[in-house]
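Please consult the sequence and the structure shown below while reading.

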Amino acid sequence: MDAKQQLTFTHITISQKEQVEAIRVAFGNTQYVYTFASLFAWQADEGYEICLQDDAFLVKNNAAGDNAYLFPCGTYDGKKRMLDSLINNGCAELYFVSDEDKSFLEAEYPGRFSFKECRNDFSYLYDKDEQIELSGKDYKNLRHQINIGRAVADNWEIEPLCEGNVERALALNSRWAAARNIKSVADTRAAETALRNFDDLAMWGLIFKADGEDTAYIAGSFVTPEIFDVSFCKVLDRRCDCYIKWALYCALPEETKTVDSEEDLGIEGLRTHKLLRRPKELTRVWKGVLN
């Protein structure tokens with residue numbers, strides 16, 4: 001079988017979830033972008049297509065270019081087989097290359113790839129317990145912002161997101177976009193996709209009422225039982241943002257110790273906000289380009 005025949009890409013379907021997640025978990029990939037929930041929700045906007053084999057999967061990222069892919073996930077041999085095929089067919093770019101992946105490429109293909117650090121794509125990881133306690137002067141400003149948000153309403157009602165109230169979250173999603181005069185935003189569409197497939201994607205989240213009115217929802221998925229990825233957070237009153245996130249930390253299962261708040265996309269205000277919350281770690285990623 002030649003290299004072109006080996007790599008067949010298809011749209012991502014719910015039926016692939018079990019196999020994709022089994023591969024990802026088995027080989028210890030904890031980058032949120034590789035979770036099935038993220039791949040499925042973002043496939044329309046990122047132009048994702050998947051090549052799914054028994055021991056590995058590879059995602060084509062059409063929105064980034066004709067020859068753009070996420071670094072493959074799976075066994076050592078499976079990743080090598082897929083990369084060999086890409087290189088033979090003129091693969092140009094690999095995205096979300098971790099430090100470990102970079103070492104793999106340098107060992108297997110010495111001198112074949114050039115690397116660029118992608119700071120805008122670094123994930124922000126937070127210690128859940130630390131974010132709940134917020135002890136010490138370093139968190140003074142954040143405690144203040146949480147108190148401001150809590151004081152917006154006399155009565156807060158917080159419910160787990162589920163099939164019975166997901167339509168309310170979808171309505172919040174639309175109101176959030178309309179309030180910002182946004183007609184077409186990738187994040188809004190991806191969130192809608194995730195919410196409409198909430199149970200099938202095994203997502204988890206909360207919906208908030210402030211003095212009887214729906215005002216926010218926050219949703220994501222478990223990368224592992226110990227790591228929760230915050231995929232979408234829509235808050236109608238921006239003053240409540242820190243309070244909503246703090247309430248999420250408080251509601252997460254005890255075994256969950258780390259919260260992934262994803263990247264900042266190089267947006268100055270978003271980066272400032274994420275750094276204000278004092279991450280315990282930023283996950284470094286690279287872009288690898290075939291020389």
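In this predicted model, the lining of the largest pocket divides into 16 nonpolar, six polar and twelve charged residues. This pocket has a volume of about 1,100 Å³. Its lining comprises 34 residues, and those closest to the pocket centre are D187, S231, E263, L265 and L270. Two or more lining residues come from each of helix 3 (36-46), strand 5 (93-97), helix 9 (186-196), strand 11 (227-235), helix 10 (241-251) and helix 11 (268-276). Strand 11 provides the largest share of this lining, with six residues.

The second largest pocket holds about 500 Å³ of space. Among the 28 residues that line the second largest pocket, G28, N29, T30, Q31 and S98 lie nearest its centre. At least two lining residues are supplied by each of strand 4 (73-74), helix 5 (99-108), strand 7 (123-127), strand 12 (258-260) and strand 13 (281-283). Helix 5 contributes the most to this lining, namely three residues.

The residue classes of the two linings are set out below.

Which element gives the most residues to the lining of the second largest pocket? That element is helix 5, while for the largest pocket the largest share comes from strand 11.

Technical notes:
Residues are numbered from 1 along each chain as its sequence is written. This is a predicted model: local features need pLDDT of at least 70, side-chain atom pairs count only at pLDDT 80 or more; totals for chains, interfaces and linings use all residues. Side-chain values use heavy atoms; hydrogens and water are left out. On a 1 Å grid over the protein atoms alone, a cavity is a set of points where a 1.4 Å probe fits but cannot get out, and a pocket is an open set with protein on both sides within 12 Å along at least five of seven lines; lining residues have an atom within 4 Å of a point. Grid points are joined across faces, edges and corners, and a volume is the space filled by probe spheres set on the points. Helices (H or I, at least four residues) and strands (E, at least two) are DSSP runs, numbered from the N terminus. Ala, Val, Leu, Ile, Met, Phe, Trp, Tyr, Cys and Pro count as nonpolar, Asp, Glu, Lys and Arg as charged, and the others, Gly among them, as polar.
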